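Subject: Structure for you to look at

Hello,

I am handing over the structure below. My notes on it follow.

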Amino acid sequence: MNELGIIKDGAVLIQDGIITAVGTTQALCTEKKPPLATVIDASGKAVLPGFVDPHTHLVFAGDRPDEFAARLRGDHYLDILARGGGILSTVRATRRASMDMLSAGAIKHLNAFLAQGVTTVEGKSGYGLDLKTEVKQLQVMRTLNASHFVDIVPTYLGAHAISEEYAGNADAYIQFMIDAVLPEVVSGELAQFCDVFCEKNIFSVTQSRKLLEKAKMAGLKLKLHADEITQIGGAELAAELGAVSADHLLQASDEGIRQMARAGVVAVLLPLTAFCLREPYPRARFIVDQGCPVALATDLNPGSAFSGSIPLVIALATLTMGMTTEEVVSALTLNAAAAVGRADTIGSIDVGKKGDLILLAFPSYRYLPYHTGVNLVDTVVKDGSIVFEAKERKPGPC
Ligand code: NIG
Ligand code: FE
């Protein structure tokens, strides 16, 4: 994660949206550049792969500022959910919302992501908890994936909470998902991943395993919200099932992390959630040092972390979680691409990958944490075309 493969005075050639050559400016201009190529002058600007946010809940209705205030007064996130608030409050609003309303909200978040250099996001359902609304959320993502510049990787998260209809009966709710929702998600090709909130008083390891095994057999890749608030063996389950990623891991055991490293599970760390819930930060240094690939994500959602701020993720990862700047860049690019199963097509500036790039308003990636909490993205290139320019920003030092 510390080897970024920097090319000084580098250049990238993109044809039909795909990177076809990478090297020094001199080599590419003399040997490879087609006569009619459009040239983007990146003098004084660091060029990075587009950022990938591998964990968001960006399709939802309503908001929960009252809960944020209650948490500031000492209320607990899981107690609010147990009283029928939290995720269940967003479920009620999302069930009532039309697809157009959900799209309009998500587009605002996608636009904000793009302006911060995010060219691919993962997005989860999980605010429906019934067939109709889970499908509605996933259909919104499908439509937006086709119409918005940002690519969306859809995840089915029906096991986000126990619906009010199944209150007190998590086993029956899991069975309902297996029998009624999962088949529709799979036959409609609405999701690429299945995720579970594996947490005390939500879904146990046994219940999570039951749903995830069925999802895997049906062809979905796996993710888990694992050991977020309580250590219940989520990391171990992710390793056992060969999940692509296990996310949060604030309370994950040492042994669970080692098992993940051996199984090649990507640890997706979400500093904004720990920050907003005032929980301990994930042990990034330990996880990286165990040889586990680490990715970083925002977890944008209306409850535990109502923020899609990449600059704040970078600040917290470096200044509070002990990651190096190089590790953070890897965690937001290639490892994040691996966390959404796309390391073969995005996440690095390599021949054959998508032409998704960002130009910073500064000459080095090292400014990312140093110019703390500031969005340094000057230009975003998606599939070879400029899709965002921060015209007011000038390259060079402050
Ligand atoms: O990743 N923990 C579960 N899910 C989200 C929060 C969802 C919400 O509060 O609306 C998370 O923290
Ligand atoms: Fe989440």
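Which residue has a polar side-chain atom 2.5 Å from an oxygen atom of ligand 1? The residue is Tyr77, and the pair is a polar contact (N or O atoms within 3.5 Å). In the side chain of His160, an N or O atom lies 2.8 Å from a nitrogen atom of ligand 1. For Asp299, a side-chain N or O atom is 2.9 Å from an oxygen atom of the ligand. The protein covers 100% of the 330 Å² of accessible area (Shrake-Rupley method, 1.4 Å probe) that ligand 1 has on its own.

This is a predicted model, in which local features need pLDDT of at least 70 and side-chain atom pairs pLDDT 80 or more, while totals for chains, interfaces and linings use all residues. Residues are numbered from 1 along each chain, chains are lettered from A and ligands numbered from 1 as written, and side-chain values use heavy atoms, without hydrogens and water.

Around ligand 1 there are 16 residues (a heavy atom within 4 Å); among them, Arg64, Tyr77, Tyr127, His160 and Ser304 come nearest.

Elsewhere, there are eight aromatic pairs (ring centres within 6.5 Å). Phe60 and Phe306 form one that is edge-to-face (planes over 60 degrees apart), at 6.3 Å and 75 degrees. Both residues lie in loops, so the pair ties together parts 246 residues apart in sequence.

Regards

How values were computed: Polar contact = N/O pair within 3.5 Å; in protein donor to acceptor, adjacent residues only side chain to side chain. Phe/Tyr/Trp six-rings, centres within 6.5 Å; stacked < 30°, edge-to-face > 60°. Helix = DSSP H or I, 4+ residues; strand = E, 2+ residues; numbered from the N terminus.
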